[in-house]
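Welcome! Here are some exercises with worked solutions, to be done with the model open beside you. Try each task before reading on.

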Amino acid sequence: MLSIIKEQLQEYIPSIIGVKQSYAVLLPLIEVNGELHILYEVRASHISQPGDVAFPGGKIELGETSAEAAIRETEEELGISSHNIQLLGEMDQIISGSHLIQCFVGKISLTEEQDYTLNEEVARIFTQPLHYFQTHPPQYHELVMAPTLEDDFPYHLIQGGKDYSFRKHTRRIPFYQLDEHQTVLWGFTAELTQRFIELVT
């Protein structure tokens, strides 16, 4: 039996338990007047999280790598060719519930707004200088997330029943107030931005 277990484990590729869907996003860098900027999208009003600031990205399709998904989604959402995207590397990952979000950093060679043909998911794009984030740290706010249990949850099978101390999860969420664009950067996009600034500063 031990030999069978060993053989199974040697061939097994570990994954994260509970993750049902994986996503990939690209943190796009572009050069504006000789200075590096981060490019952001504002989500269209008819899709989920309307008006939020986001990076290009989406679900990883069957048969493609996470890097390929990040590039494909960027091509589709910004209307550009992969030849204009130089992949620089992968950053940290975020787990949210049953979703895994992988983030890649890439340099886009196109510098003029007319070079982009936005698809229906994107209301507009804008850029923010890298140095802005290096000199303007985010404000943090805490969000407490507690489990919601259905009435048919089998409380009688666990120690303490309904009085069991279910763990609450507290997230520290960064917020950037981008006055020039009259918009707020927060949530996962802000977390990935802040992490990127930590890595390069």
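Helices (H or I, at least four residues) and strands (E, at least two) are DSSP runs, numbered from the N terminus. This is a predicted model, in which local features need pLDDT of at least 70 and side-chain atom pairs count only at pLDDT 80 or more, while totals for chains, interfaces and linings use all residues. Residues are numbered from 1 along each chain as its sequence is written, and side-chain values use heavy atoms, with hydrogens and water left out.

**Exercise 1. The outline of the chain**

Find how many helices and strands the chain has, and write down their pattern along the sequence.

Step 1. Counting the elements gives four helices and ten strands.

Step 2. Reading along the sequence gives the pattern α-β-β-β-β-α-β-β-β-α-β-β-β-α.

Step 3. For the dimensions, take the principal axes: the C-alpha atoms fill a box of roughly 65 × 45 × 35 Å.

Step 4. Next, look at contacts (heavy atoms within 4.5 Å). Among the contacts with a separation of 6 or more, 65% are between residues 24 or more positions apart.

**Exercise 2. The annotated region**

Which residues does UniProt assign to the feature "domain: Nudix hydrolase"?

Step 1. The record, an unreviewed entry, places this feature at residues 20-151. UniProt positions are given in the numbering used here, feature names are shortened, and annotations may be inferred rather than shown by experiment.

Step 2. Over residues 20-151, the chain is 14% helix and 48% strand.

**Exercise 3. Inside the protein**

Identify the residues with the most contacts inside the largest nonpolar core.

Step 1. Start with burial: buried means under 20% relative accessible area, exposed over 50%, and partly exposed in between (1.4 Å probe, protein chains only). Of the 201 residues of the chain, 37% count as buried.

Step 2. A nonpolar core is a set of buried Ala, Val, Leu, Ile, Met, Phe, Trp, Tyr and Cys residues joined through side-chain atoms within 4.5 Å. The largest one has 24 residues, and those with the most contacts inside it are Leu27, Ile38, Tyr40, Phe133, Leu185 and Phe196.

Step 3. Now see where this core comes from: β1 (21-32), β2 (35-43), β5 (85-96), β6 (99-108), α3 (130-135), β9 (169-178) and α4 (187-200) each supply at least two of its residues. The largest share, four residues, comes from α4.

Step 4. Zoom in on Leu185. Leaving out residues up to four places away in sequence, Leu185 touches Tyr40, Val53, Phe133, Pro174, Phe175, Tyr176, Leu178, Ala190 and Thr193.

Step 5. Another core, of 18 residues, lies apart from the largest one, and includes Ile60, Ala67, Ile85 and Ile125.

**Exercise 4. Charged partners**

Where does Glu73 lie, and is Glu73 buried or exposed?

Step 1. Glu73 lies in helix α2. Glu73 counts as buried because its relative accessible area is 8%.

Step 2. Not counting residues up to four places away in sequence, Glu73 touches Gly57, Gly58 and Lys59.

Step 3. Side chains of opposite charge can pair when their charged atoms come close. A salt bridge is a side-chain nitrogen of Lys or Arg within 4 Å of a carboxyl oxygen of Asp or Glu. By this rule the count is six.

Step 4. Glu73 forms one with Arg72 (3.2 Å, N to O). Arg72 is also bridged to Glu76, with the closest N and O atoms 3.3 Å apart.

Step 5. Glu76 and Arg72 are both in helix α2, four residues apart, about one turn of the helix. Glu76 counts as partly exposed because its relative accessibility is 39%.

Step 6. Because they are three residues apart in helix α4, about one helical turn separates them. Salt bridges that share partners also join Glu64, Arg72, Glu73 and Glu76 into one network.
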